[in-house]
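Colleague: Could you walk me through this one slowly? I am new to reading structures and would like to ask as we go.

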Amino acid sequence: MKKCLLASTAVFASCFGALAADLGSPRMPIASVATAPAFSWSGFYIGGQVGGVWYNDRTRELVTATGVATGFDQGFNTSGVTGGIHAGFNYQVKNFVVGLEGDLEASGVNGNYPVGNGNGWRFRSNFQGSVRLRAGVAVDRTLFYVTGGLAVAQLRYGYFSPTVIEYVSRTQAGWTVGAGVEYAVTPNWTARLEYRYSDYGRVSNASAVVFPGWTYRHNPRSHAVRVGVTYLFSTGPSAVVARY
């Protein structure tokens with residue numbers, strides 16, 4: 001019995017000593033490791049873009065005095081290069097990004113359509129712009145978005161005969177919608193690819209020189225594909241720190 005008691009006491013003393021040694025040893029520091037940075041799309045930005053634009057137009061002829069259609073109805077297409085600047089602001093909540101963007105571009109759209117006997121009309125657009133909302137989903141450095149809002153364009157129609165030409169210019173407002181993808185190449189620079197459709201409503205011009213007594217109603221619409229680069233004024237990525 002004494003031998004068992006002595007053995008139990010020795011084991012208890014040994015365990016207690018080991019526990020006391022552990023309690024007295026210094027604590028190891030908590031390690032902090034920075035995980036891969038999560039990209040932030042929030043903030044102001046400015047950039048430039050260039051692309052191609054294709055106009056689909058339709059001309060209907062009416063009697064100016066009565067507004068009655070003559071039956072002449074002709075579609076025609078023109079195209080050209082467009083390019084300019086854009087600027088805006090993004091706000092990101094989790095993976096969702098919303099913002100407001102505006103752009104202004106010079107346009108080289110130019111074309112004509114002869115209708116016979118040396119008569120016809122021409123179309124030209126020297127500038128266009130828009131103010132749009134953007135909304136999208138961010139997958140780290142890639143942003144998939146849709147956009148839409150107000151579109152404005154300068155539309156210049158020319159009516160010509162073998163001996164004379166008559167120009168009528170309008171700055172016409174309409175609407176535009178589109179979609180695009182943007183990728184952050186660096187923390188502050190991004191590249192984008194975007195498609196937009198724009199509709200500028202109806203434009204009616206009463207000819208006073210070339211075809212007096214006739215009014216021509218147009219319905220200009222455009223398709224545009226643009227590539228662009230953007231500088232973000234925000235800090236870009238923000239490191240996420242994990243502790244263990």
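**Salt bridges, cores and surface**

Modeller: Let me begin with the charged pairs: the structure, which is a predicted model, holds 12 salt bridges.

Colleague: Which residue forms a salt bridge with Arg58, and how far apart are the closest N and O atoms?

Modeller: That partner is Asp73, and the closest N and O atoms of the two are 2.7 Å apart.

Colleague: OK, and what about Glu101, which residue does it pair with?

Modeller: Glu101 forms a salt bridge with Arg132, where the closest N and O atoms are 2.6 Å apart. This pair also links distant parts of the chain, with Glu101 in strand 5 (residues 96-116) and Arg132 in strand 6, 31 residues apart.

Colleague: Why does Glu101 count as buried?

Modeller: Glu101 counts as buried because its relative accessibility is 2%, and buried means under 20%. Arg132 counts as buried too, because its relative accessibility is 1%.

Colleague: Where do Arg192 and Glu182 sit?

Modeller: Arg192 is in strand 9 (residues 189-199) and Glu182 is in strand 8 (residues 165-184), 10 residues apart. Their side chains meet in a salt bridge of 3.8 Å, N to O, and both residues are buried. Through salt bridges that share partners, Glu101, Asp103, Arg132, Arg134, Glu182, Arg192, Glu194 and Arg196 are joined into one network.

Colleague: Which residues of that kind does Thr147 touch?

Modeller: Leaving aside residues up to four places away in sequence, Thr147 touches Arg132, Arg134, Glu194 and Arg196, among others including Leu133 and Gly178. Thr147 is in strand 7 (residues 142-160), and a polar atom of its side chain lies 2.9 Å from the backbone oxygen of Leu133. Thr147 counts as buried, at 7% relative accessibility.

Colleague: Switching topic, how many residues are in the largest nonpolar core?

Modeller: The largest nonpolar core has 18 residues, and those with the most contacts inside it are Tyr55, Phe123, Leu155, Tyr157, Tyr159 and Tyr200. Strand 3, strand 6 (119-139) and strand 7 each give two or more residues to this core, and the largest share, five residues, comes from strand 7. There is also a second, separate core of nine residues, which includes Phe39, Trp41, Ala138 and Tyr145.

Colleague: How far is Tyr91 from Ser42?

Modeller: Tyr91 and Ser42 are 49 residues apart in sequence, yet 4.4 Å apart in space, C-alpha to C-alpha.

Colleague: Last one, how many helices and strands does the protein have?

Modeller: The protein has one helix and 14 strands, and of its 244 residues 36% count as buried.

Methods: Residues are numbered from 1 along each chain as its sequence is written. This is a predicted model: local features need pLDDT of at least 70, side-chain atom pairs count only at pLDDT 80 or more; totals for chains, interfaces and linings use all residues. Side-chain values use heavy atoms; hydrogens and water are left out. Helices (H or I, at least four residues) and strands (E, at least two) are DSSP runs, numbered from the N terminus. Buried means under 20% relative accessible area, exposed over 50%, partly exposed in between (1.4 Å probe, protein chains only). A polar contact is a pair of N or O atoms within 3.5 Å; within protein, one must be able to donate a hydrogen and the other to accept it, and residues adjacent in sequence count only if both atoms are side-chain atoms. Contact means heavy atoms within 4.5 Å. A nonpolar core is a set of buried Ala, Val, Leu, Ile, Met, Phe, Trp, Tyr and Cys residues joined through side-chain atoms within 4.5 Å. A salt bridge is a side-chain nitrogen of Lys or Arg within 4 Å of a carboxyl oxygen of Asp or Glu.
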